[in-house]
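Thanks, everyone. Let me put the structure up, and then we'll walk through it.

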Amino acid sequence: KYLQIGWFKLVDEEKMIQLESVSLMKRLMNSFNKRSLKLITFQAVRFLSDVQLRYSGGFCEEDKLHLIMFSLSGLPPVPSTSRMGFSELSIRERMREKLKAARSKAEAALSQEDLGPRPRHLKSIRERKAELRLDEGVSVQNDYPSAEEAYNFFTLNFDPEPEGIKVGARKRKIGELMVTDEDFLVMKPAECERYSEQLQKEKEFLFIPSMQTVPTSQKMPENMQPRYLEDEGLYAEERPFVSPSNQNILENRILRQEQVKWFGDDGRILALPNPIRQSSTRPPVFSMEEGIPPELETIYRKAIKTTAANQYLVGPGDFQGPFQLDIDISGLIFTHHPCFSREHVLAAKLAQLYDQYLARKQKNLTELLTDKLRALRNAVQRSIDSAGASGPTAQQSIPEYKIEIRQTRRLRDAEQEKDRMLLKSIIKVWKEMKSLREFQKFTNTPMKLCLRKEEVDWRSDEKAYEAEIQAEISELQEEYMEEYEKKMEEYKTELQEWKSWKKAQSKKKKKKKDLQEEESIEDYDLGGEPVKPVPPKMVDSLEIEQQVREKANNFRRKPGEPALIPELVLSGSVTPSEQCPRAEVLRREDVNKRSAFIKVFFNSKEVSRTVTRPLSSDFRVHFGQIFNLQIFNWPESLKLQIYETTGLSSTTLLAEVFIPVPETTVLTGSAPMEEIEFSSNQRVMLDHEGVGSDVSFSFEADGSNQMTLMTSGKVSNSVSWAVGEKGIPLIPPVSQQNTGIPSALKNIDAIASIGTSGLTDMKKLAKWAAETKLDPNDPNNAALMQMIMVVSSGEANIPDFFRLEQLQQEFNFVSDEEFNRSKRFRLLQLRNEEVAEFRNYKQVPLHEREISEKLFQEYEKKLHEKDVIDSKHYLDARRAVVASYLQKVRESVINRFLIAKHHFLLSDLVNEEEIPTLGILGLGLFKLAEPKRPLKPRRKERKKVTAQNLSDGDIKLLVNIIRAYDIPVRKPVTSKLQQPSKSSRSFNEMFAASPSAQSPTNNVDWAFDQVLVRPFVEVSFQRTVCRTTTAEGPNPNWNEELEFPFRAPNGDYSTHSLQSVKDEVFINIFDEVLRDVTEDDRDRGSGIHTRVERHWLGCVKIPFTTIYFQARIDGTFKVNIPPVLLGYSKEKNLGIERGYDSVRNLSEGSYITLFITIEPQLVPGESVREKFDTQEDEKLLQAAEKYEVECTSKFPNRQCLTTVIDLNGKTVFITRYIKPLNPPQELLDALPNSSQTTAELVARYVALIPFLPDSVSFAGICDLWCTSDQFLDLLAGDEEEHAVLLCNYFLGMGKKAWLIIGNAIPEGQTTYVLTLEQSQYVIWNPSTGCFYKHYDTFCPLQSVYCLISCDNIWFNIQQWDSPVRISFDISKPKLWKPFFSRSLPYPGLCSVQPEELVYQHSDKAAAVELQGRIEKILKEKIMEWRPRHLTRWNRYCTSTLRNFLPLLEQNQGKDVEDDHQTELQKQLGDYRVSGFPIHMPFSEVRPLVEAVHSTGVHTIDVSNVEFALAVYVHPYPQNVLSTWIYVASLVRNQ
Amino acid sequence: MVAVNGQIESGQFPGFDDLYCKFCFVYGQDWVPAAGLEEGISQITSKSDVAPTTFVWNFPIDITFKSTNPSGWPQIVVSVYGPDFFGNDVVRGYGAVHVPFTSGRHKRTIAMFVPESTSKLQKFTSWFTGRRPEFTDPKVVARGEGREVTRVRSQGFVTISFNVVTKDMKKLGYDVSPSDMQNPSLVPATERIHKY
């Protein structure tokens, strides 16, 4: 180590060393000459000299020698060079020398390896490595300098001395055994091989098999010829296919490895036979049908009844196999078809009539009745003949017979008439047909009617005819006689009665002769005169005869006339199509195209259908198919559906036919064919000869006598029960007909016997079990038996409920009572129910003990006190009731909302691009052409942030305070006395009348008051307070941005929670007053001692929710300035007259321009999409929807409101809210002569009703509209309710008033009221009571969307929506689009408002009491806010103020300033008063307290300050309270 | 306490290339991540050339939860994204799976799906603009609520391996280890109940 250090030091003192080393060298030479290793010695000396130098001669000679020995032991001999020549050598030469030395070194090293132990302990590993490498390098090195050499060279080359040069070479040697080169890094150039070299190297140990074919000889052992088994005739297996190149590669590889064993006898690689079979091992599946793959083939199998289906059928023996119903559908005949030609219609009619005729003939009723009649007559005759013999019985029967004869005759006559008529009509139809055929000159039907005449014997016929007539006449005569006698009898009795009555009447008359005529008339009237009976007439026998003959003539065949027997034959020839006109050909073609089929429905399930058969030209379809239905139960219904297909396309259902289920006796083979008629009411119109269906047509040429026919026809079918193999009919048991279940099973199947409902009735079940004697050992009945056992053994409690989850109990992990007891479970449950208090409760504790009781206390309290009204906070029982009611409404609405929140729309879940419309695409193209940096940049819509991924500190509220106008200015205090002028514009001095006020302090004040006012703005939001710098003058310009962090309640940034943020942004304007407090005038020269005081001037409150919904608020707001500001006045005429000043002066008050926004922009929540129930007419709602869509499509920014939701959550049409209502009479009476003031008073009354925005009370819910009476009951509501009430009042006062739906600042979407007064429109702000002229620039209403009156809605379709720029003339449809118009007249909707509002009278006593309480509370609060100071109350001032307040109320805060101030200053001469009255509607105490606090009156910290506070509550009807608070601070002037 | 580590091993998304995945955990109100990352986004991986053309991410997951209530057991939600034909980043699949209940090593293969466009036209335009329908929040896939309004298409698989360590589960009365499942606890029911 020493050496190491010394090595470097050496460099500087090279010269000295040189000298010393020479002498040392000499000595050494002497001592070592015996070895004659001169060169080595030299080296050692050289080394030693270094050492010596290092130690500056501190070594003794022995040491040196020792060192030399030491160094010698490891040193290789160095090639000798002349020591003297070092200095002359050039660098190059030196290098060469070094190399030579290195060469010789190797030999020396070998020989001297064992000379001594190496001092290894001094070497580092690195050195060792270097050493090794050096050894290697020796052999390799040639002319290049090694790395080490190079290094040495560069480290030493600044040494010009020969010694230094030598060092390089020497050091290398030293390095081998010594420590010196511990510092040397071994560095080598990066070893880089050339690619070709690399390849060469790779070649040495990589083998790439060639793809050449290996000669067979190489693959075979020496001296072997390859054998080819195939050639030898042996069987050789087929080898699997391997590509030749791959095979070659493999062979080459194997050859290289010299594993010849892999080659077979034939010189090829051994291989197993090819495993792939050509043929499939699986049995082939053959397709039964051509063209269908066997896999897809369907095989028909008969329906098999599954065993599972009859689980109720106990035992297999009861199964009765399938029953069979054979349905034979033979054909279809159309009695009318749309394709019928006229001839067909007639033919059908003819056929029908003929059928009727045949049927009648078969029955032959006429003949039957005639025979009967004859028999009866004979009987009568006989009984008359043998009257005496047969006794009284026969006598009795004669009249009976006679009656029968009469009846039979009548029947026979009717039948005869029918027969005759039928015959007549047959002939008539046939004639018509014949004429038709002639007319149309072709024949369509083969029908032909032949009338066969049957000759009769004229004489006998006539005789019979005459006899018949005679018999009839006599019978009739007899009959009439009987009747006459009867009538005569009746007549006689009646006549008798009449006569007696007449007599009585005449008697009466006599009696009452003296009575007045009127009475007698009345009497007559009352009695009623019976008509005098008319004697019956005797019927003339001639007449009878005539009658009979006439009848006989009409109905009966005349004597001698041949009997006509019609015969219908189908022998006629149909005209071939070629000879028919075109229309007829078309018809025939159409008929040919048509075909029909029938579907068979069993129990209204389609079971089969017939083949489709074409319609024949005579409109018959022949099917001739028999369907065998295998059934299990008695059929409920059998139905056929007749379908018709036209051409290839359409299939239409023509008709449905129900077939009666056959009797059990009807068996196949014996069943008759039945024809069932059907008809269809389809309307078919055809464009050819076909008459169509349900279309009227006529046979007449002139189109008269129209008739309409429906498609109809008959299906001939037969339904019968099949007969089984053994001749047993396959009929389900008849009993099934009623129950639908085999009777054999009835007693076993519980459901069948007692019905499904019986199963739940245990007793019934048990009874049934007992009755049927169930086999208890049958495992099938096990479950039943068990149940019955339970039931029957003791009165087991039968649950009277049905349990759905009977296994629930098994999964209960705690018992119910324990569950209810556990606080943890309760907490979990409540959270799951989303109860407000626990909705977002995180980390429910694990253990019961960790849940504190407190958690529930509040909730329980709330539950308990739901109905208990706590009047503590409200000071007024009424308000408490209202508050609790409101709370209930809110809860129910929130519940509804929570439910609605769980309904999702696609857009809630999936972000999907809208389909770009052409407009958007065009806009996109237009944007490309837009300049990058337009000269007039527009505000770009900021990106909206969804609220879900926000956390504390992410949201900031930015409030830009730009400027203010017309800030009140201080009143200069002068010593001059000035009379208060009448004009408010003149200067008024507060202390003008008090000379004592002119203290030196005031003079100093005046010095500061050179500036009229020094306002600054302080904004507070969520307890963060920021203020602007102080500006000067009444029109200050701040232009400052204040930033507030926003914290959501509970860190919950969901839209729902953001909407319910109740925080407000308070923007207070203060005046900064510097007040000199230097007490001693002597100090004035040396120092200034002032105090900064701030005087509240006014404030603007903006709720956070407004900002949230509006995204940004930009505009000029009216500053809420108290009516009286002590010490300040409105600066009016001092300002430079500018153009708009005159406009501004119209509207009194101060204004402040603000820009407020949230960064980042939040997405406001959407209103609930719940569809509410409604009682409105569906048509009206549809119209409303349509109207809204129409409007919003044109003006998407304008809101169109047609329906709103009432307090019950029902949709109500908006106009129902508007109705003239009476304002409180007190207000009307107050100023009866001035309608203007009355209107203002009413507006003020409405504004006094406290304001409660919906969005706060019903978070996230759409607006709820209360009716006016509800509103007055609740005494709270938002703009809509105020506006509706005000509008109704105005209407009630006879004004023209409308509701304006529009946008205003700062409220946002809001509702105003518009009135028309003396041809001028006035806009009213219902929540403040202010009114604005139509052209008022400072009107907070920014845009107008809709106007609503009691009977219509008008939507603004003008280009502009700002009230200044639009016309309110709703009669112009170009400007206002009405909802009810001529196309949709106003249906006269009844109003939801009450008929009349009933007001409670104002309660003065309660108001006074409330007044006292408020005052007390406020005083306490002020003292509370000043914890470090003593709060003194100036009673005198308080009482003065108290006197002022009623005055203020009376004048509504106007024009009292001057009087007030003079008054005040008179009374409080030596005080400096600063204070103001605050006016508020009364709802709760809290807002009052806050209002007082926000003014900062209490912040004054002058030691001798005194306070004054007065409260005045003025009651209005219906408990509307106007509250005035006068708060002031007083400082006594010194 | 449930400690989960593991990795999103690989995915199979036929027809796509260059995919990356995001994961996040969804858990109930009573769960709190005690350590580790709740969310992560992986590197982009390309499809391997060799036969099982899987996308290998081997993206580590390491998170520890603590909880007071098994309800809301954590789920991992994986969503896979990748550029489409036009180079737009498009979602290629959503999927979610519960973290295994039992301790030990588990492997889960999640079937992934994407929401479908509502109409053919929209499908085309979304393909064209590269803005396919996406879930507003990938966490939707871990919840059942509101899913009835969506239509999805399956799109591939993601394999995740979990190493789960649980602590004090049994102490609190939850037997989740596999051996316990075989031999149900011998603790009498009433005692067990008390431990809840």
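How far apart do the end C-alpha atoms of residues 466–501 of chain A lie, and how much of the span is helix? The answer is 51 Å, with 100% helix and 0% strand. Keep in mind that this is a predicted model. The span was picked for its record: UniProt, in an unreviewed entry, places a "coiled-coil region" at residues 466–501 of chain A.

Next, helix α15 of chain A, residues 392–440. A:Thr408 sits in this helix. Its relative accessibility is 2%, so A:Thr408 counts as buried. Beyond its sequence neighbours up to four places away, A:Thr408 touches A:Leu369, A:Lys372, A:Leu373 and A:Leu376.

Now the cores. The largest nonpolar core has 71 residues. A:Leu957, A:Ile1067 and A:Ile1152 have the most contacts inside it. Take A:Ile1152. Among the residues it touches are A:Ile961, A:Val1017, A:Trp1038, A:Ile1067 and A:Phe1117.

On to helix α44 of chain A, residues 1435–1451. It has 17 residues and reaches 25 Å from first C-alpha to last, close to the expected 24 Å. At its start, a side-chain oxygen of A:Asn1434 comes to within 3.1 Å of the backbone nitrogen of A:Tyr1436. Buried residues in α44(A) include A:Thr1438, A:Leu1441, A:Phe1444, A:Leu1445 and A:Leu1448. Remember the geometry here. An α-helix has 3.6 residues a turn, so residues three or four places apart point the same way.

One loop position. A:Asn603 lies between β4 (594–602) and β5 (605–609) of chain A. Is A:Asn603 buried or exposed? Buried, because its relative accessible area is 18% and the cut-off is under 20%. Leaving aside neighbours within four places in sequence, A:Asn603 contacts A:Pro635, A:Glu636 and A:Ser637.

Last topic: charge pairs. Over all chains, the structure holds 33 salt bridges. Here is one between chains. A:Arg831 and B:Asp30 meet at 2.7 Å, N to O. The pair runs from helix α28 (residues 823–832) of chain A to the loop between β2 (20–26) and β3 (31–36) of chain B. Both A:Arg831 and B:Asp30 are buried.

Within chain A, A:Asp413 pairs with A:Arg412 at 3.3 Å, and both residues are buried. A:Asp1369 and A:Lys1372 form a salt bridge too, at 3.8 Å. There, A:Asp1369 is partly exposed at 26%, and A:Lys1372 is partly exposed at 41%. Finally, A:Arg1014, A:Arg1027, A:Glu1032 and A:Glu1072 are joined into one network by salt bridges that share partners.

Note on methods
Residues are numbered from 1 along each chain as its sequence is written. Chains are lettered from A and ligands numbered from 1 in the order in which they are written. This is a predicted model: local features need pLDDT of at least 70, side-chain atom pairs count only at pLDDT 80 or more; totals for chains, interfaces and linings use all residues. Side-chain values use heavy atoms; hydrogens and water are left out. UniProt positions are given in the numbering used here, feature names are shortened, and annotations may be inferred rather than shown by experiment. Helices (H or I, at least four residues) and strands (E, at least two) are DSSP runs, numbered from the N terminus. Buried means under 20% relative accessible area, exposed over 50%, partly exposed in between (1.4 Å probe, protein chains only). Contact means heavy atoms within 4.5 Å. A nonpolar core is a set of buried Ala, Val, Leu, Ile, Met, Phe, Trp, Tyr and Cys residues joined through side-chain atoms within 4.5 Å. The expected span of a helix is 1.5 Å times one less than its number of residues. A polar contact is a pair of N or O atoms within 3.5 Å; within protein, one must be able to donate a hydrogen and the other to accept it, and residues adjacent in sequence count only if both atoms are side-chain atoms. A salt bridge is a side-chain nitrogen of Lys or Arg within 4 Å of a carboxyl oxygen of Asp or Glu.
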